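Trainee: I have a model open and would like to work through how its parts pack together. Could you take a few questions from me?

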Amino acid sequence: MEWLRISTSTELVRVATDEIVYVRADGNYSDLVLTNGKSRKMTFQLHFFDEVFQQLQNNMFTRVGRSLIVNRRYIHVINLTEQMLIFSGQQIKGDIKPVNVSREALRQLKELLENEKGADNG
């Protein structure tokens, strides 16, 4: 298991990458949504998380459009018609609400997952 350490001038946040369901942009901030259903507002823009995730040994995170990074392990349904992404998995203990995403971003994500090599981990 890999850990994400996020340090600011006032706090250090440590979170296991397996506990991150998705990160969503919120202006100059980002909302980190965890498997327990809780959300934590972070004082970093989405590109910060994009760069940090790229450095992971087992990077399961994918940028979806301009405002979302998802953990592919928890993707349950990609619905192009309703433009919705639904998350599920054994580790998810909280209420993770479906996320609306643009049709084109979902189409690209669907294609990526369809072409992914190896067995599903989730």
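Predicted model: local features only at pLDDT ≥ 70, side-chain atom pairs only at ≥ 80, totals over all residues.

Trainee: Is Thr-62 buried or exposed?

Mentor: The cut-off to apply is that buried means under 20% relative accessible area. The relative accessible area of Thr-62 is 12%, so Thr-62 is buried.

Trainee: With which side chain does the side chain of Thr-62 make a polar contact?

Mentor: Start from the contacts of Thr-62, which include Leu-68, Arg-72 and Leu-109. The polar contact, at 2.8 Å, joins the side chain of Thr-62 to the side chain of Arg-72.

Trainee: Let's turn to helix H1. Why do the buried residues of H1 line one face of the helix?

Mentor: In H1, residues 46-54, the buried ones are Leu-46, Phe-49 and Phe-53. In an α-helix there are 3.6 residues a turn, so residues three or four places apart point the same way. Looking down the axis of H1, its buried residues line one face because they fall within an arc of 60°.

Trainee: How many bridges join S3 to S4?

Mentor: S3 and S4 form a hairpin with two residues between them, and Gly-27 in the turn has a positive phi of about 65°. Asp-26 stands opposite Tyr-29 in S4. The two strands run antiparallel, and the number of bridges joining them is six.

Trainee: Which residue in S7 does Val-23 stand opposite?

Mentor: S3 also pairs with S7 in the antiparallel sense, over three bridges. In S7, the residue opposite Val-23 is Ile-69.

Trainee: Which element supplies the largest share of the largest nonpolar core?

Mentor: That core has 17 residues, and those with the most contacts inside it include Tyr-22, Leu-68 and Val-101. S3, S7, strand S9 (84-87) and helix H2 (103-114) each supply at least two of its residues. The largest share, three residues, comes from H2.

Definitions and conventions. Residues numbered from 1 in each chain as written. Heavy atoms only, no water. Buried < 20%, exposed > 50% of the residue type's maximum accessible area, 1.4 Å probe, protein only. Helix = DSSP H or I, 4+ residues; strand = E, 2+ residues; numbered from the N terminus. Arc of directions from axis to C-beta. Pairing = 2+ DSSP bridges. Core = buried A, V, L, I, M, F, W, Y, C linked by side-chain atoms within 4.5 Å. Polar contact = N/O pair within 3.5 Å; in protein donor to acceptor, adjacent residues only side chain to side chain. Contact = heavy atoms within 4.5 Å.
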